[in-house]
Amino acid sequence: MADEDREETVTEPLLGHHREKKDLQRLLENSASHEKDAPTSEAIVSRSHTNSMRTYWWRWVVLGVFSLNLGMNNLQWIAFGSIANVVTCYYGISNFWVNSLSMVYMLVYILCFVLSALSLDRLGLRTTIIIASCLNALGAALRVAGTGRHYFWLLLSGQTVSALTQALMWGAPSLLSSVWFPPSERATATALTGTIFPQFGNVVVFGLSPLLVHSKLTPQVCSNDTNPKSSPLYGQWYDDIYSGLFYYLLGQAVFCVGLVALTFVAFPNAPPTPPSISRQLLEESSSVQLKTLRSSLFGFLKNRYFLVYLVTSAINMGAANAIVSLVNEIVIPYFPNRDKDIAYLGIAGQVSGILLMIVIGRLLDWTKAFYAINVSVYAVAALSLAWFSAAVQFQRHFIMLYFSYSLLM
């Protein structure tokens, strides 16, 4: 790949380079007190400059392959959110079980997030992402097998397997950015992989699910005061929903299998040369003693600034994910028979989220004003959530939902 790749000389901003050099010197000086034979910071920094720091255009291919896997996993997470009323009627289950199709992702992530760190540390980036991609395809296949109305347990099993993919992949965006991208592009790369491409998966879901899994007979068959099977139109309605749901899930499974092959072919573990001084040090210097996962976690938990950020980020993400998962159940009681409008509502929210994340990622790269930008994002999210809640509760014009939901995402 090195012979065919077009190499670009990395010109890092002077200030960023100076900070990186100071951090590198401090790290080496601390490690030198524990390692008698450790090289001096000046020697390593000098050696770093003798090897030209380069980036490769293939980094964007790697970013794209990873993002497609993560976006497809996000699509499977929220696949039933905008058609919850149809799914409850089709499988004859309560809203709790429909919501469990998305809640299982949260539960598995909480129980298994350590797997991501351990896998990335022990197996490396490439192997971890290949395993995650294979699990995603397996989960998608199980979901196809669960299309029949008596096989909801297979559908839930497929969601659980796909949730393991999320647990493995969500720890990788920052590492991928560090391994493949120079410091001046890392915030943008992390934003693309961690927030923007997963939103594309949501856009596809909100756009396709109400169009594919749809029947004009749903209002008559699935009214609240009748048993769906007692309706004379049930047979025709069932055929419509079964066919739509089958092709909806089959398309996702085929795409996931294709991504497994693409990941095998186009996702190397690391570039031939590191993109920055700090990355070269981590790869070449045996004197740098990397902290274990356990000590790193304890170190984070002792940092009050990290804990404040952890809590505020959890609240913000939790509120946004709850709205995305339950948007159908929240809006339908106040705006009945507006399934397609809810789909457009979801698309508007996800597209606005993508555009905002691109802007925020570039601002972080240019300004490094993490505190100011985070506070601004949380303030806008809180105000838009209050606006959305009021618009639903008082049944205002649907256009108000579009504006408030778009800002919330």
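Angles under 35 degrees count as roughly parallel, over 145 as roughly antiparallel, 65 to 115 as roughly perpendicular, and the rest as oblique. Keep that in mind. This model is predicted, so local features need pLDDT of at least 70, side-chain atom pairs count only at pLDDT 80 or more, and totals for chains, interfaces and linings use all residues. Residues are numbered from 1 along each chain as its sequence is written, and side-chain values use heavy atoms, without hydrogens and water.

Let's start with α5 and α14. Helix α5 covers residues 95–122. Its angle with α14 is about 160°, and the axes are 11 Å apart. Therefore α5 and α14 are roughly antiparallel. Which residues in α5 and α14 meet? From α5 come N95, N99, S102 and M106; from α14 come N321, S325, L326 and E329. Contact here means heavy atoms within 4.5 Å. By class, that contact of α5 with α14 has 2 nonpolar, 5 polar and 1 charged residues.

Next, α14 and α17. Helix α14 is residues 304–331, and helix α17 is residues 398–408. These two pack at about 165°, with axes 13 Å apart. So α14 and α17 are also roughly antiparallel. In α14, I323, V324, V327 and V331 meet F398, L401, Y405 and L408 of α17. The class count for this contact of α14 with α17 is 8 nonpolar, no polar and no charged.

Last, one residue. S67 sits in helix α3, residues 58–77. Is S67 buried or exposed? S67 is buried, at a relative accessible area of 1%. Buried means under 20%, exposed over 50%, partly exposed in between, with a 1.4 Å probe and protein chains only. Leaving out residues up to four places away in sequence, S67 touches L192, T193 and F197.

Notes
Axes are lines fitted to C-alpha atoms, for helices over the stretch in contact, and angles run from 0 to 180 degrees between N-to-C directions. Helices (H or I, at least four residues) and strands (E, at least two) are DSSP runs, numbered from the N terminus. Ala, Val, Leu, Ile, Met, Phe, Trp, Tyr, Cys and Pro count as nonpolar, Asp, Glu, Lys and Arg as charged, and the others, Gly among them, as polar.
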